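The entries follow in the order I made them.

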Amino acid sequence: MGAEPPATHISKPTLYAQDLSLDVDISTLKQTFEEVLGTLAGIRISFLSKGKKRPLCRTARIDFVDITEAQKAFALANLRPIPNISPPQIIKLSISSNTLLPDPQGNPRLVKTSSHFTSAELYTLIRPFGDLAAVRVDSDLGATVQFWTEDDAKAAEVAVNNASSRLPKFALQAFDPRKLFCTNPLVLNICLDDSAYVIHKRGGRSKCYGFVSFSTTEEAAYAIRHHNQTNWLSKTIVVRYSELKTAIETQPEPNICRDESIPEPISPFLSDTPTCHNDDSTTSLNDPPTSHLKAESSQGLLTETLLKNIIYFNEQLAKATESHQLEIRSMKENMKMLERERDELKTVKVAAEKESEERAVRQQVEVDCLRAENKSSKERYEAMESQYTLLSNTFEAQCATMIGEKEDLQRQLEQVEHDRDDWRRNFEVSESRCKILELDRPLWNEVKRQKEKEKEEFQRAEEALKKEVKELERRLREMNEREKEWEKAKMKQQDEEAARKARDEEARKKREAELAEKARQTAWKAAAIAESERCRKRDMRYHCSLRIWDNRVALERFNLLITEFETLRFSESQPVMLANVPWPVLCPFFYDANQSLTFRAEDITWEAVEKFFAYVRRTYSVGQYNKLVERVHRLFHPDKWGSRRLLDTVQDTDLRKSLQSAGNIVAQAMTPIWRRSKDEV
């Protein structure tokens with residue numbers, strides 16, 4: 001085996017992932033490539049800038065070490081779903097930021113091998129035989145590869161056929177991804193598609209298998225996943241891809257007959273000829289009647305056993321036909337009911353949109369009123385602020401005037417005291433002069449009179465001075481009292497202004513808190529409606545006319561929801577609802593005409609949980625049962641719910657209480673079931 005063939009489309013070690021939503025970041029892309037490649041060594045991921053305007057989608061650039069790694073990443077990761085993104089999104093890889101690569105022209109090939117390979121190992125095994133466009137390994141669909149051209153695919157088949165015996169033994173088989181092979185033609189016509197046709201032998205006898213064509217590969221894959229190895233009227237259905245004829249016939253053709261475990265349909269003929277063969281499909285279509293059938297037709301002998309088998313077959317056919325007609329009528333009634341529900345849903349949607357518009361108008365009016373009130377409060381505050389500034393300036397001017405008057409009175413008082421001291425000195429001088437003049441008696445009386453006169457004048461002046469001092473002291477006290485009153489008035493005004501500001505600030509914060517709470521409640525209600533609609537669309541797959549609700553459907557829905565519940569990160573933008581919790585019960589989850597869930601939290605009881613795990617115990621093996629019990633016991637543990645803060649995402653008090661009560665019931669019911677599973681181990 002030589003070197004790898006050159007790549008015809010990828011010529012640079014750089015790929016581009018286009019049309020990525022804003023929820024996809026670099027860590028999510030790294031996780032995607034790590035899952036398919038097994039390593040991130042040498043991979044660099046960055047987003048391309050598209051100007052200042054925020055785009056609705058983005059393009060990422062992925063640089064690899066060499067072209068070989070880029071080719072491998074394209075074949076393994078292209079058109080794969082990106083993990084942990086809701087709603088689901090696939091990654092579209094190309095060699096430029098604005099164009100996509102053309103679709104591969106070669107038919108896909110099944111890889112037939114007894115060994116188990118991962119996608120990366122399968123790519124490494126088959127890449128030396130041709131340029132690969134896609135490699136997939138699926139538990140239901142098997143291992144498939146697709147080459148860029150049909151010539152590459154045919155050359156790879158020849159190369160694989162002539163490959164060295166040292167390689168793992170495998171073969172490539174072309175198949176039609178839109179055409180399926182089925183072993184039960186009656187079920188094929190009713191359940192899958194009207195384009196099915198049944199293979200018959202000559203003489204009108206069915207070969208017990210047929211083919212059906214679909215419009216898309218997704219519908220064909222869905223049919224394999226949901227109908228292969230299922231039972232219908234005690235018949236096991238085998239559904240797989242229809243294999244195509246190629247130029248290479250050296251490999252043995254796969255066995256297209258039903259498994260021996262599948263019960264054979266009742267034959268209307270007493271013949272030992274097998275109903276299904278492992279021969280080539282072309283040969284099976286042209287097989288001539290057997291010699292035994294010729295002998296019977298020539299002799300014209302019908303035994304009693306033949307008649308009994310024909311009568312029994314006709315009865316079974318009549319019963320099956322009647323049952324299928326009833327189901328067809330039920331399908332038509334369901335279609336009419338779905339159309340009515342669609343019309344009602346449209347009416348409800350229009351009413352909801354109208355109500356949302358009216359609510360938005362009312363909220364806008366409230367916001368305008370609050371803005372007007374805030375504006376008027378601001379104007380009043382500015383007016384009071386200016387008035388306060390004016391009063392403060394007036395008070396400061398009056399205080400300055402009073403301080404000046406006080407200083408003047410102080411100076412006058414000092415002057416009066418100085419004058420009093422002068423009068424006292426003058427009086428003493430007069431006394432001394434009087435003593436000198438006593439020697440002169442005649443003059444003594446005159447001096448005495450003069451002295452008394454001066455004394456009286458001095459007393460009058462002293463009394464006047466005392467009155468003036470008292471008046472000055474009184475005025476000084478009045479000024480001090482007025483100054484204290486002004487200080488008290490100023491402090492009171494400042495306290496009132498501070499209290500008013502505090503009241504206004506508290507009112508503003510209260511209004512903002514109310515608006516924020518209203519917005520939060522509105523956003524939560526919208527998120528709750530969106531999450532309920534997402535759950536309803538997800539559950540519609542279990543409500544079609546072909547899916548009758550039973551324990552198997554309940555277990556299938558539970559397995560889907562438990563994985564989703566463990567991976568989702570619940571928040572107020574995606575709250576926990578009754579419909580997105582994997583309740584371990586067998587009760588049906590239906591929706592009424594108003595698209596409301598008929599299932600209630602009151603349906604979750606201890607007995608319902610025990611019935612669910614009793615059915616699981618009968619269905620699963622011991623190991624699978626113990627793993628599921630351990631997983632559910634850990635999932636519904638109150639500490640687990642508390643650490644994930646699941647109930648904090650629910651704003652509705654009644655819904656929160658019902659979810660908490662139902663979760664506690666499941667946790668309490670799981671404890672003895674978990675202990676019994678541990679004891680059995």
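Entry 1, cysteines. I noted that the model is predicted. I looked up Cys 587 and found it partly exposed, at 23% relative accessible area. Cys 535 I put down as buried, because its relative accessibility is 0% and the cut-off for buried is under 20%. I then searched the whole structure for disulfides and found zero. For my own reference, a disulfide is a covalent bond between the sulfur atoms of two cysteines.

Entry 2, helices α2 and α3. How do I describe two packed helices? I use the angle between their axes and the distance between the axes. For α2 (residues 67-77) and α3 (residues 119-126), the axes come within 11 Å and cross at roughly 125°. I therefore wrote down α2 and α3 as oblique to each other. The crossing of α2 past α3 is right-handed. Which residues of α2 meet α3? I listed Thr 68, Gln 71, Lys 72, Ala 75 and Leu 76 from α2, against Ser 119, Ala 120, Tyr 123 and Thr 124 from α3. Sorted by class, this contact has four nonpolar, four polar and one charged residue.

I looked up α11 (residues 551-567) and α13 (residues 622-635), whose axes come within 12 Å and cross at roughly 45°. This pair, α11 and α13, is therefore oblique. I recorded a left-handed crossing of α11 past α13. On the α11 side I found Phe 558, Ile 562, Thr 563, Phe 565 and Glu 566, which meet Leu 628, Arg 631, Val 632 and Leu 635 of α13. The contact of α11 with α13 holds six nonpolar, one polar and two charged residues.

Definitions and conventions:
Residues are numbered from 1 along each chain as its sequence is written. This is a predicted model: local features need pLDDT of at least 70, side-chain atom pairs count only at pLDDT 80 or more; totals for chains, interfaces and linings use all residues. Side-chain values use heavy atoms; hydrogens and water are left out. A disulfide is a pair of cysteine sulfur atoms within 2.5 Å. Buried means under 20% relative accessible area, exposed over 50%, partly exposed in between (1.4 Å probe, protein chains only). Axes are lines fitted to C-alpha atoms, for helices over the stretch in contact, and angles run from 0 to 180 degrees between N-to-C directions. Helices (H or I, at least four residues) and strands (E, at least two) are DSSP runs, numbered from the N terminus. Angles under 35 degrees count as roughly parallel, over 145 as roughly antiparallel, 65 to 115 as roughly perpendicular and the rest as oblique. A crossing is left-handed if the near helix is turned anticlockwise from the far one by less than a right angle, and right-handed if clockwise. Contact means heavy atoms within 4.5 Å. Ala, Val, Leu, Ile, Met, Phe, Trp, Tyr, Cys and Pro count as nonpolar, Asp, Glu, Lys and Arg as charged, and the others, Gly among them, as polar.
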